[in-house]
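Please examine the sequence and the structure before reading each solution.

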Amino acid sequence: MTDTLDTLYDAIADALVDKGYFYTQNALPGLPTTSLQQRIVQLETEDALKRAGIGRDSDHHINNDIRQDQIRWLQPNQAAEQDYLSWMEHLRVGINQRLFMGLFDYECHFAHYPEGAFYKQHLDAFKGRTNRVLTTVYYLNDGWEVTQGGELILYAEDGNRILETVFPETGTLLIFLSDRFPHEVLPTKRDRYSIAGWYRVNNSLNAQIDPAS
Ligand code: OGA
Ligand code: MN
């Protein structure tokens, strides 16, 4: 198991260096996929998912023209959520050991895109204005068909050239540098579930290296 994970971390680190992103369609060893699927359905039943906003702090607001997903942040006090967080914590250490990125912590949310929902092209981070450095997206939808929409389109830095079309099938994981790749979620034709997350660097550290101008 340790060897498998080391091989996977090597592949992730190599891809981040070569291309700035990593993409696999195969469920990763040890990820609690089934219990996460059950968990998000349970959260929905409990009405625990809330419409996501855009912008930070006082600028935070709901914008229906930009994104239409419903989210809930993962918390360590529930078993399936804790399993995912701890998998991502091991990956954080694995990446730091290989690339010295100084990833400091990780935050992630479940997202539900109901039928018709989308998220227009955006960047997850702007240089010098955020401490999010690496985005992860993990998908939880069995049997996704190409006619069902909901693809994540990953664009080159120019925002025009398509690098990857990612179908949100269970077990697919995408990791990319948050300030480099514009991306969007095309309108989905069925309920679509994902976990989007961000590795962050320490605030003060970031301010020293990359001061806001
Ligand atoms: C995001 C995002 C993509 C997805 O939450 O910033 O781009 O496929 N999510 O859920
Ligand atoms: Mn995004």
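**Exercise 1.** State which residue stands opposite R51 in β3, and how many bridges join β2 to β3.

*Solution.* Step 1: opposite R51, in β3, stands Q70. Step 2: β2 and β3 run antiparallel and are joined by two bridges; strands pair if DSSP finds at least two bridges between them. Helices (H or I, at least four residues) and strands (E, at least two) are DSSP runs, numbered from the N terminus.

The model is predicted: local features need pLDDT of at least 70, side-chain atom pairs count only at pLDDT 80 or more, and totals for chains, interfaces and linings use all residues. Residues are numbered from 1 along each chain as its sequence is written, chains are lettered from A and ligands numbered from 1 in the order in which they are written, and side-chain values use heavy atoms, with hydrogens and water left out.

**Exercise 2.** Determine the strand order of the sheet of seven strands, and identify its edge strands.

*Solution.* Step 1: the sheet is open and antiparallel, in the order β1-β9-β6-β11-β4-β3-β2. Step 2: β1 (21-24) and β2 (50-51) are the edge strands, since each pairs on one side only. Step 4: β6 (residues 132-139) pairs with β11 (residues 192-200) in the antiparallel sense over seven bridges, with Y139 opposite S194 in β11.

**Exercise 3.** Describe how α2 and α3 are placed on this sheet.

*Solution.* Step 1: α2 lies across β3 (70-73), β4 (105-113), β6 and β11, and runs at about 60° to β4. Step 2: α3 packs on the sheet and touches β3, β4, β6, β9 (173-177) and β11, its direction making about 135° with that of β4. Axes are lines fitted to C-alpha atoms, for helices over the stretch in contact, and angles run from 0 to 180 degrees between N-to-C directions.

**Exercise 4.** At what angle do α2 and α3 pack, and which residues meet?

*Solution.* Step 1: α2 (residues 33-45) and α3 (residues 79-99) pack at about 130°, their axes 9 Å apart. Step 2: the two helices are therefore oblique to each other; angles under 35 degrees count as roughly parallel, over 145 as roughly antiparallel, 65 to 115 as roughly perpendicular and the rest as oblique. Step 3: from α2, S35, L36, R39 and L43 meet A80, E81 and Y84 of α3, where contact means heavy atoms within 4.5 Å. Step 4: the residues of this contact comprise four nonpolar, one polar and two charged.

**Exercise 5.** In what order do the strands of the sheet of four follow one another, and which stand at the edges?

*Solution.* Step 1: this open, antiparallel sheet has the order β5-β10-β7-β8. Step 2: β5 (119-122) and β8 (162-166) stand at the edges with a single partner strand each, so one side of each is left without a neighbour in the sheet. Step 3: the twist averages 10° from one strand to the next. Step 4: β7 (residues 152-155) and β8 are antiparallel, with four bridges, and T165 in β8 is the bridge partner of I153.

How values were computed:
Ala, Val, Leu, Ile, Met, Phe, Trp, Tyr, Cys and Pro count as nonpolar, Asp, Glu, Lys and Arg as charged, and the others, Gly among them, as polar.
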